[in-house]
Amino acid sequence: YWDAAPGAEYYRVNVFNLDRGGGLVASYVTPGPFTHISGDTGVGALGEGFRFSWNVQAIANGRVVCATAPIVQWRAAS
């Protein structure tokens, strides 16, 4: 969940695999009125590893109008 950004048409949640060089491994999009999303965080979707970061971008007129700072999160071992 995140706070709504005025004028946002949609939000993009970007996930980065910190154990694999920090590259973008997934993006999930939700329409502007919604301030939450669920996405696949399994190995098939994000790759191997335990350290990930993610951020939320608010998009208006095709441009990023604001973004959160990256948040680091660990994946539980199975």
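In this predicted model, F50 is partly exposed, with a relative accessible area of 40%, where partly exposed denotes the range between buried, under 20% relative accessible area, and exposed, over 50%, as found with a 1.4 Å probe and with protein chains only. F50 is placed in the loop between α1 (43-46) and β3, helices being DSSP runs of H or I with at least four residues and strands DSSP runs of E with at least two, numbered from the N terminus. Together with V72 and W74, F50 forms a nonpolar patch on the surface, and the three residues have about 360 Å² of accessible area together. Such patches are made of residues with over 30% relative accessible area and no salt bridge, nonpolar side chains (Val, Leu, Ile, Met, Phe, Trp, Tyr) being joined within 5 Å and like charges within 9 Å; accessible areas come from the Shrake-Rupley method with a 1.4 Å probe, and for residues only the protein chains shown count as cover.

Residues are numbered from 1 along each chain as its sequence is written. Because the model is predicted, local features need pLDDT of at least 70 and side-chain atom pairs count only at pLDDT 80 or more, whereas totals for chains, interfaces and linings use all residues, and side-chain values use heavy atoms, with hydrogens and water left out.

The protein chain contains one helix and five strands, which follow one another from the N terminus in the order β-β-α-β-β-β. Its C-alpha atoms fill a box of roughly 40 × 20 × 20 Å along the principal axes, and buried residues make up 31% of the 78 residues in the chain.

Side chains of opposite charge can pair when their charged atoms come close. With a salt bridge defined as a side-chain nitrogen of Lys or Arg within 4 Å of a carboxyl oxygen of Asp or Glu, the count comes to one salt bridge, in which the side chains of D19 and R51 meet at 3.0 Å, N to O. D19 lies in the loop between β1 and β2 (23-31) and R51 in strand β3, so the pair ties together parts that are 32 residues apart in sequence. D19 is partly exposed, with a relative accessible area of 34%, and R51 is likewise partly exposed, at 30%. D19 and F52, which are 33 residues apart in sequence, are 7.3 Å apart in space, C-alpha to C-alpha.

The largest pocket has a volume of about 410 Å³. Of the 17 residues that line this pocket, V15, G39, T41, W54 and Q73 are the closest to its centre. Two or more lining residues are given by each of β1 (10-17), β3 (51-60) and β5 (71-74), and the largest share, three residues, comes from β3. On a 1 Å grid over the protein atoms alone, a pocket is an open set of points where a 1.4 Å probe fits, with protein on both sides within 12 Å along at least five of seven lines, and lining residues have an atom within 4 Å of a point.

N61, in the loop between β3 and β4 (63-67), has a positive phi of about 55° although it is not a glycine. N61 is exposed, with a relative accessible area of 67%. R63 lies in strand β4 and is also exposed, with a relative accessible area of 61%.

How values were computed
Points joined across faces, edges and corners; volume = space filled by probe spheres on them.
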